[in-house]
Amino acid sequence: MIVAIANQKGGVGKTTTAINLAAGLALRGKPTLLIDLDPQANSTMSFLDMSQVQRSVYDAIAEPAIRLEDVIMPSPVANLWVAPSRIALAKLEAKLIGEIDAHFRLKDKLEPLLKQYPQVVIDCPPTLGLLTVNALVAATHLLIPIQSSYFALEGTDDLLETIEKVRQRPNPSLQILGVVITMHDKRTALGRDIQDQ
């Protein structure tokens, strides 16, 4: 199973969801690969010392000669490996512009590793750009973290539209695993009738 954690809105708990899901799978004895596609590299920092990261997902996706396994590093958690991010990942879109296989780079690099890492979790950046599309093309499932507030629901139309475009051609078997309500506060009322206020 390859689970992409995506939502174009920032600060909704994508990274927290990704690192907890990956660690949870690993603690259950399942070999798990966490791919950090966010240039902010918070998933990477959660498990690795950034000074030890020599190569990142950027190198694997941007350079045909570099394999994804060349950048993967073991984490301190048993059964958990990390494909780290660096700020250079922010330049990937500009580098791949006009490349015919730009949307398939991650999928192609990941496929040879699926026997070694049967569980893959992909932490996406807070945009609907090329990095997120690469994750959606490579993924079997999508998990959408949404903050527990009315305004956080704004913009999910754009995400659903992107999902449908990915399903039309590059990844027709992509399934929505579900929505994770994050940062819930019991004082938040999502469905309260206006008269009750």
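This is a predicted model: local features need pLDDT of at least 70, side-chain atom pairs count only at pLDDT 80 or more; totals for chains, interfaces and linings use all residues.
Helices (H or I, at least four residues) and strands (E, at least two) are DSSP runs, numbered from the N terminus.

Residues are numbered from 1 along each chain as its sequence is written, and side-chain values use heavy atoms, with hydrogens and water left out.

Let me start with the chain as a whole. Of its 197 residues, 48% count as buried, where buried means under 20% relative accessible area, exposed means over 50%, and partly exposed lies in between (1.4 Å probe, protein chains only). Among contacts between residues at least 6 apart in sequence, 79% join residues at least 24 apart, a contact being heavy atoms within 4.5 Å.

Now to the inside. The largest nonpolar core has 42 residues, and those with the most contacts inside it are Ile35, Leu37, Leu68 and Ile122; by a nonpolar core I mean a set of buried Ala, Val, Leu, Ile, Met, Phe, Trp, Tyr and Cys residues joined through side-chain atoms within 4.5 Å. Helix α6, residues 130–138, gives the largest share of this core, 7 residues. There is also a second, separate core of 17 residues, which includes Ala26, Leu48, Val53 and Met73.

Where does Ile35 sit? It belongs to strand β2, from which Ile35 and Leu33 point one way, and Thr32, Leu34 and Asp36 the other. In a regular strand the side chains alternate between the two faces of the sheet. Here, however, the residues on both sides are buried, and for β2, residues 32–36, that makes 5 of its 5 residues.

Strand β2 also has two partners, and two strands pair if DSSP finds at least two bridges between them. With β4, residues 80–83, the pairing is parallel over 4 bridges, and Ala83 is the bridge partner of Ile35 there. With β5, residues 119–123, the strands again run parallel, joined by 5 bridges, and Val120 is the bridge partner of Leu33. Leaving out residues up to four places away in sequence, the contacts of Ile35 include Ala83, Val120 and Leu68.

Let us turn to two polar residues in helices. Ser43 is in helix α2 and counts as buried because its relative accessible area is 0%. Its side chain makes a polar contact of 2.7 Å with the side chain of Asp123, a polar contact being a pair of N or O atoms within 3.5 Å, where within protein one must be able to donate a hydrogen and the other to accept it, and residues adjacent in sequence count only if both atoms are side-chain atoms. Asn134 lies in helix α6 and is likewise buried, because its relative accessibility is 0%. A polar atom of the Asn134 side chain lies 3.3 Å from the backbone nitrogen of Arg105.

Finally, is Met50 buried or partly exposed? Met50 counts as partly exposed, because its relative accessibility is 24%. We find Met50 in the loop between α2 (42–47) and α3 (57–62), and its contacts beyond four places in sequence include Ser85 and Arg86. Although Met50 and Ser85 are 35 residues apart along the chain, their C-alpha atoms are separated by 9.3 Å.
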